[in-house]
Amino acid sequence: MSELREDLNIIQQWVKPDSQVLDLGCGEGMLLKYLREHKNVRGYGLEINPDKITACLANGVNVIEQDLNAGLSNFTDNSIDTVIMTQALQAVDRPDLLLDEMLRIGDEAIVTFPNFGYWRTRFYLLLKGRMPMSETLPYNWYDTPNIHMCTFRDFEILCREKGIRIVNKTVVDDEHKEHWTIRLWPSMLGEIAVYHITRK
Amino acid sequence: MPEVIADDSVGLVTPQLLHFDEPLTLRSGRVLPQYDLMIETYGTLNADKSNAVLICHALSGDHHAAGYHSMDDRKPGWWDSAIGPGKPIDTNHFFVVALNNLGGCSGSTGPASINPETGQPYGPDFPIVAVRDWVHSQARLADRLGIQTWAAVVGGSLGGMQVLRWSIQYPQRLRHAVVIASAPKLSAQNIAFNEVARQAIAKDPDFYDGDYLEHGTIPKTGLTQARMLGHLTYLSEDAMRQKFGRELKEGKLNYSFAPEFQVESYLHYQGEKFSTRFDANTYMLMTKALDYFDPAGDYDNDLVKCLSNAVCKFLVVSFTTDWRFSPARSEEIVNALVQADKNVSYACIESDNGHDAFLLPIPRYLQVFSAYMQRIRSELTVAGGAR
């Protein structure tokens, strides 16, 4: 039985048994593998990193080489139960359009992204006057793949504007663990958010 | 000539000729009353006969997919980069079967074979065979070898079309389909290239409407031209620029119409080499089989419906600079399989080598191929209960 990263563990609990998922930026396919082995979930992962694609093949998960920025028009409406995207929303060209696509293809979606409103990030910018860097955000401003950072509030406002309903949300620290202190003030103390959303 | 045979080669191999007496009814309605198939095998069939892999060849391929026939051979089999101990199709674990398809010219019954009814070569009277006829004959070959289910059926280009056909025609008889640099049907451009090639052969005065053997000739000029054109479509513009650029054979312009650029003499060389080893009627037949292939045609032109009967898992691979069978064509297959709710993985390999890439040892290609084949192996181990 494989050990699952903590945020993936939160996600897997929200995926219905015997359903079908699409994992955007599926990495080495660990979530898909876990879902197949433990919940009889079928699905596909999209990935563009060659080494990760090879790892998916070795893990026996369905992986399709496809760039999320080129769109998802090859997937038909309502063809998937749950569309999942972990830690990639902030790195795509148009997160807003991709969210639309996720909820066109899937009945529901699960999204995780780093919180730019995390207190350390806020203080980094405030005190150092430089673009924040941390273990979760280890890049310089000029080479970061994270081109569309947002805070939890930003994301929730976008969902409201789009008529997307937030079914569930969990906020975790940089080790993807839940902690009671985070629950006190999630938008300040949480580093990574996991949102479960739908149009229904 | 291999002075020593490498550790990752299948080594010296001997083809076998198998005779089939049961008549084969072809797509065209014509019947081949009996036929021979020339095959090669590598590796060992396991006790429960679950580790067999079928290799389907492309336009000009044959049964000699790997290894050497003798120490005098200049080159190994056509897919030696992928088949052998430790290679993607690892012969330490798989029993590999390669054959020359019907209509071919490397030992299986084809236009140059003697028609038992007339005692003369079939020549142009050899029936036009379709991809489904090849797959039918390959299923009979599997029966003969005692293989109920292939662990995988694998092929590139026209070979990939046979793999697709297998998944539709005998869905229960393969567990995996590996479809490389292929397409669900030819485009108008593809068909046009084939027609120019066929016309080059047909208009050669030595062709005699396909009866050239009776006249003791071969349409060498036509075959050379057909191959030159074909070869051109297998390469990418980048590959040609890198390989030849505008380099001149003699380092200067001669103001003549003889080949002066390196690329010209390369094409002449490839064409002429091919024209001495390949049968013109076979070339005509193979290109027709390519043109006719359109499995969705039987399913209201709906590829999703066509593939909905498949039960095997698929790996589809394409190459970035392949314009003969571009990545978009492979993606048509992938998208249809996703819509049909099938297990499919897809990799688009960065390569400068055009369509030819599927035969070359490109590191990422071999990694993807190996990872997938190893997964098939791990299923064998589970199925067999060994280890």
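# Reading helix packing and a chain interface

Q: At what angle do helix 3 (residues 188–202) and helix 4 (residues 220–234) of chain B pack, and how far apart are their axes?
A: They pack at about 160 degrees, with axes 7 Å apart. Axes are lines fitted to C-alpha atoms, for helices over the stretch in contact, and angles run from 0 to 180 degrees between N-to-C directions. Helices are DSSP runs of H or I with at least four residues, numbered from the N terminus. This is a predicted model, where local features need pLDDT of at least 70 and side-chain atom pairs count only at pLDDT 80 or more, while totals for chains, interfaces and linings use all residues. Residues are numbered from 1 along each chain as its sequence is written, chains are lettered from A in the order in which they are written, and side-chain values use heavy atoms, leaving out hydrogens and water.

Q: What does that angle make helix 3 and helix 4 of chain B to each other?
A: Angles over 145 degrees count as roughly antiparallel, so helix 3 and helix 4 of chain B are roughly antiparallel.

Q: Which residues of helix 3 of chain B meet helix 4 of chain B?
A: Contact means heavy atoms within 4.5 Å. Phe193(B), Val196(B), Ala197(B), Ala200(B) and Ile201(B) do, and among their partners in helix 4 are Leu223(B) and Leu229(B).

Q: Where do helix 3 and helix 7 of chain B come in?
A: Helix 7 covers residues 280–292, and its axis comes within 10 Å of that of helix 3, crossing at roughly 160 degrees. That makes helix 3 of chain B roughly antiparallel to helix 7 of chain B.

Q: How much area do chain B and chain A bury between them?
A: The size of an interface is often given as the accessible area lost when the parts come together. Here it's about 1,500 Å², 48% of it on carbon and sulfur atoms (accessible area with a 1.4 Å probe, summed over both parts). In chain B, Tyr346(B), Arg364(B) and Arg375(B) lose the most, together 29% of what that side buries.

Q: How many salt bridges does the rule find across the interface of chain B and chain A?
A: The rule wants a side-chain nitrogen of Lys or Arg within 4 Å of a carboxyl oxygen of Asp or Glu. It finds two. Arg364(B) forms a salt bridge with Glu65(A), with the closest N and O atoms 2.8 Å apart.

Definitions and conventions: Helices (H or I, at least four residues) and strands (E, at least two) are DSSP runs, numbered from the N terminus. Angles under 35 degrees count as roughly parallel, over 145 as roughly antiparallel, 65 to 115 as roughly perpendicular and the rest as oblique. Buried area is the accessible area (1.4 Å probe) that two parts lose on being put together, summed over both.
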